[in-house]
Amino acid sequence: MDTSIAYDVVLLPDTDRAVAYRKRAADSGCSLMGVTVAAFGVWVRDLWELYGDGRTFVSRLEREALLRAACEGPAEGGCVDSENGKRAQRDGASGRCELAEGRIADGACALVGDSEAGALGLDRVAAACVAAGVGLPAFDAAVRDARQGVPAGAGALEGVTRAEVPVLRMIGEYLDRLAQLELIEPGQALALLPELLPQRPLRVLLEDAAPLTPGREAFFSACPWMGVEVRAASGSQGPVRAPEGVRVRFAFPSGQYAWPALLADIVRDALGAAADRGAAPAAVAAPAAAEVPAAVAGPAAGDDGASSCEDASGSADGYRDGRLAWSQAATVVVAAKDPAVLFGRVAPALVRQGHAVALRGRRRFADTAFGRAFCSLRRFLDEGQAGGVSHIEGYGDIAPTDVERWDRVDLADWALSPFSGMTRKAAFKLDADMRADRTARRSDLCARLRGDNPMFAAMERLALQLDAQAAAELEAAVRRMTNRSEAWRAEQLAALRALQRAADAAKLAGLGADATFDQAKRLKVNVSRIVAPRGCDGAALGAPDVLMTDQSTAASLGSGSCKVLVATDLTSAAYPAADSEDASRVLLEHLGVKRADSALARMRRAFFALEHAATDQLIIERCLNDSSADPTYPCVVLEEFVDCYRDDPTATEDIDNPYSLPEHLQDGMLLRGEDALCANDALSDAPAPEAARIEPPLTGAVSPEARSLVVLPRVLQGGQVLDEPCLSPSQIESYLECPYKWFAQRRLRLDDLDEGFGPLEMGDFAHNALHSFYKHMSEDLGEAKVTPQLLAQARELMADVLARHKALQPHLRQSENRLIPTSQVEHRELAELEHKLMDYLDFEAELLPTFAPKYLEYDVACGGAVDYAGHKLLGTADRIDVDGEGRCAIIDYKGSISGSYALGVREEGRLGKVQALIYAQVVRRTLGLEPVGALYVCYGRRKMISGAYDGRVIENAHLPNMRHKDCMCADRPFSDVLDETEEAVAAALERMLAGDIRPRPETPEACKWCPVSSCSERRG
Ligand code: SF4
């Protein structure tokens, strides 16, 4: 730097660089007395304040909101079709102008393809055009002509397509509105200032300059009294070799698991022995460390350390003033794509080892704790969520019900956030209550929370009404969260303020909460913090040991500002060289507004600055595989940098390796694989001390001590406790299907927290309806059996039963497996079930005509427990039909039936389904009836029967839709089948009570709906 400044004004690309320039001047003893050093945008704003007409610069948020309002609102001359003069149709959900959007997309697609053009809303296309074009004569003339109805292709609209004219017209409306609000675009001010400025000589230096935009170029051309010197930023032509004395090394973690560990290694090595700052070594201190907002450590104490900003493009507003807070630079600077993520992964380990680590980066509003909570609650409260009709194969067009419009997960996320004011226990209880109750209504939940949770009430008012008082209440609440670090609170306050700014912009434009929410989701807030080892005052440090920041901030630190610079994430995906092409770019090109700069040139300048920031080492890191384990590729500047060290950059053989490096650059390469899982996770290769040894759990068997608990004591009717093992036929059947599945389902009860709407609930509904139907058959019609003659009455009765049962469901307890449909699809599923039950009556009329239902939902143990297979048994048989000869058939209702229900499976050496056979044996003993059938009757879509029956007693014709040869027992007494079943069950029960719960599926079908997800024996 010159020791005397020969300029009146020094302009830099951004405020960070302006601050760094002033610091360098101060360090080198150069006086800046009378010299203005500022970012270009800040300087223009100051000039406008001094010489302008009193209007205020519009902010980016205000611009976007006003343009959105211009797009949505009914303002005169808005989105009008220039051909037919009709207003464009608006999409109610998005609030966007369909016609104009469609057209701009069409026009843009012709040039840039569908994806880019379709990705932008019309208001955002217009906002990008305004930011780049307003103030330029060609652009202003095109806007004027578009408003005056000049057709596309004529006058100033030459080259403009019909699709683009509505955008220009909308911009015209926006500029009118801006004037009404006494606001002005920076581009307009730049065009007006040459007329307003005093014409006295001014020496202006554009230092470290990027190519001038057309607006800036026009400004300086219109101010001939200014002597302007441009010192272009170095590096636009591409990287050069690193400065003499700087060692270049390459680092390649093989994947995302190895990435933080390798970076921690690199930083540790770079810091070396510099860890000792006189503080207690953090490696032996508690992991919790002092965490303060970084900026309080430096001269810019006014900055809250996590001050919010609107966007990277808002840097001209000066929001980053004072962020370079420390008096000295960090020893190691890490330039990362997302420094906040890196900081979260790596900083705690470095702090434990005694290093002070600082972060300067930006976080999406929605990624801050406040933003996450706010977005979750907003989604929960949003009436329109999941709106629209969808077509589902087999179900037709389905409209969502109210319950489908909100997601319980959103409220649970909010409840578990620090902004719910709830304890974790209360939050989990709220979640469990919601999930266990399908009838939970959003309005009831809101009313309940509003009543006893002031945080909810405030956040609700903010989310729905943008209430300023609510924002103040939340701000006060954040300040009271003293159990959180100061930096955390600063970040949340920054997020809250960013939201308020979006709300202010929306209010200015007359928009509602929707617009604020949309804008807020795109906002980013600055995050900066320093964590230092316990006992070390981070705020008092001259500089942190490590600074993690983004590439642009690292590049602005200046030449020789750190010992080691680590440039990370240098992949083509993280730093693409291509400029984004969208509809705004196409429109500007049609108007002759050229791009002044390019993404590649910006990357080259940044990389050049990074190369020169380090005095000792430049470490270049590229993860070899991305999070999907796909290979990554070096970004363009990295390839160019490597080419600087190659004799023949056109050759390919020398870099045909995973690192894309010639052999001589592979010297000192830093590698880390993903195989060392624990070391990678701990960010240390030091062997982890063994805190405890836990034996792997015993699977497949119950330990001898717990064996007595394999079957829990039962409480019988009347309160009597039965200590000896007592099982139900369904439990026995489940054990026979697979012992481990039985254990998981019946003993561990791996049930879902959510109240279901599935086979269990459907089955209970059908069973109850059929039970009720037969009860009323005999009570109301005086008939026990459905016959062809009674079908009409039976249908009437069934319709009545189904209606009453449906009405009853919401009044049942959740534990009664009530069937509550909450979506249109579920309503249709319920209607289908009713249909099946109604159709079942025709089948029933043909079934067992010589028998009649006598026992319905019959408790075979009559309130106690009966003996079976050497143990106690209880259970309820769905139905027992009896004939005039004292013979009976056990009926078990099923929604569907598989091959395992037939007696014939015994020929394959397995027992198959046994429930009905068990009931038959018990009934034989307790009721003295002679069982001749144990039948599974399916009321599902395909009415059919399976099971076992005595072929000598029941005619085949009386069992329609049955594979008689698989189910018939004709060669021996039916009682033999029952005895044989009891014997097999007795053997199985012995195994069960001995603790044998090995996974042993009887058929692959058993595994189909099994909740044991990590079973080594899973089949099918
Ligand atoms: S997955 Fe199959 S084998 Fe494993 S426990 Fe479940 S049913 Fe048994």
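# Close-up views of a predicted model

Of the 1020 residues of the chain, 52% count as buried. The model shown in these views is predicted. Its chain holds 34 helices and 31 strands. Among contacts with a separation of 6 or more, 73% are made by residues 24 or more positions apart. Let's take a tour, one view at a time.

View 1. Begin with strand S17, which covers residues 546-549. Which way do its side chains point? Val-546 and Met-548 point one way, while Leu-547 and Thr-549 point the other way. All four of these residues are buried. Now look at the neighbours. Strand S12 (residues 332-335) pairs with S17 in the parallel sense over 4 bridges. Strand S13 (residues 357-364) also runs parallel to S17, and 4 bridges join them. Met-548 is a handy landmark here: Val-334 stands opposite Met-548, and Met-548 is also the bridge partner of Leu-359.

**View 2. The largest nonpolar core.** This core has 119 residues, and Phe-139, Leu-168, Phe-370 and Phe-419 touch the most other members. Helix H19 (residues 486-508) gives this core its largest share, 10 residues. A second, separate core of 57 residues includes Phe-743, Ile-890, Val-923 and Leu-978. Leaving aside neighbours within four places in sequence, Leu-168 is in contact with Phe-139, Ala-142, Val-143, Ala-146, Leu-157, Val-160, Leu-587 and Leu-591.

**View 3. Helix H7 and what covers it.** Which residues of helix H7 (residues 137-147) are buried? They are Phe-139, Ala-141, Ala-142, Val-143, Asp-145 and Ala-146. H7 is followed by Gly-149, which has a positive phi near 85°.

View 4. Where does the ligand sit? You will find it in the largest cavity. Around the ligand are Cys-738, Tyr-740, Lys-741, Pro-999, Pro-1001, Ala-1006, Cys-1007, Cys-1010, Cys-1015, Glu-1017 and Arg-1018. Helix H27 (739-747) and helix H34 (1005-1008) are the elements that give two or more residues to this shell.

View 5. S25 and strand S26 (residues 871-873) pair in the antiparallel sense over 3 bridges, and Val-866 stands opposite Leu-873 in S26. Lys-872 lies in strand S26 too. Is Lys-872 buried or exposed? Lys-872 counts as buried because its relative accessible area is 19%, and buried means under 20%. Leaving aside neighbours within four places in sequence, Lys-872 is in contact with Leu-722, Glu-724, Pro-725, Cys-726, Leu-727, Ala-865, Val-866 and Asp-867.

View 6. Most residues other than glycine have a negative phi. Glu-182 is placed in the loop between H8 and strand S6 (183-184). With a relative accessible area of 53%, Glu-182 is exposed. Ser-660 belongs to the loop between helix H24 (636-643) and strand S20 (670-672). Its relative accessibility is 23%, so Ser-660 counts as partly exposed.

**View 7. Val-977 in helix H33.** We finish with Val-977, whose place is in helix H33 (residues 974-993). How buried is Val-977? Its relative accessible area is 0%. Leaving aside neighbours within four places in sequence, Val-977 is in contact with Leu-903, Arg-906, Leu-917, Cys-969 and Arg-972. Val-977 and Ala-948 are 29 residues apart along the chain, and their C-alpha atoms are separated by 8.8 Å.

Terms used. Residues numbered from 1 in each chain as written. Predicted model: local features only at pLDDT ≥ 70, side-chain atom pairs only at ≥ 80, totals over all residues. Heavy atoms only, no water. Buried < 20%, exposed > 50% of the residue type's maximum accessible area, 1.4 Å probe, protein only. Pairing = 2+ DSSP bridges. Core = buried A, V, L, I, M, F, W, Y, C linked by side-chain atoms within 4.5 Å. Contact = heavy atoms within 4.5 Å. Near = heavy atom within 4 Å. 1 Å grid on protein atoms, 1.4 Å probe; cavity = no way out; pocket = protein on both sides within 12 Å on 5 of 7 lines; lining within 4 Å. Sits in = over half its atoms within 2 Å of the grid points.
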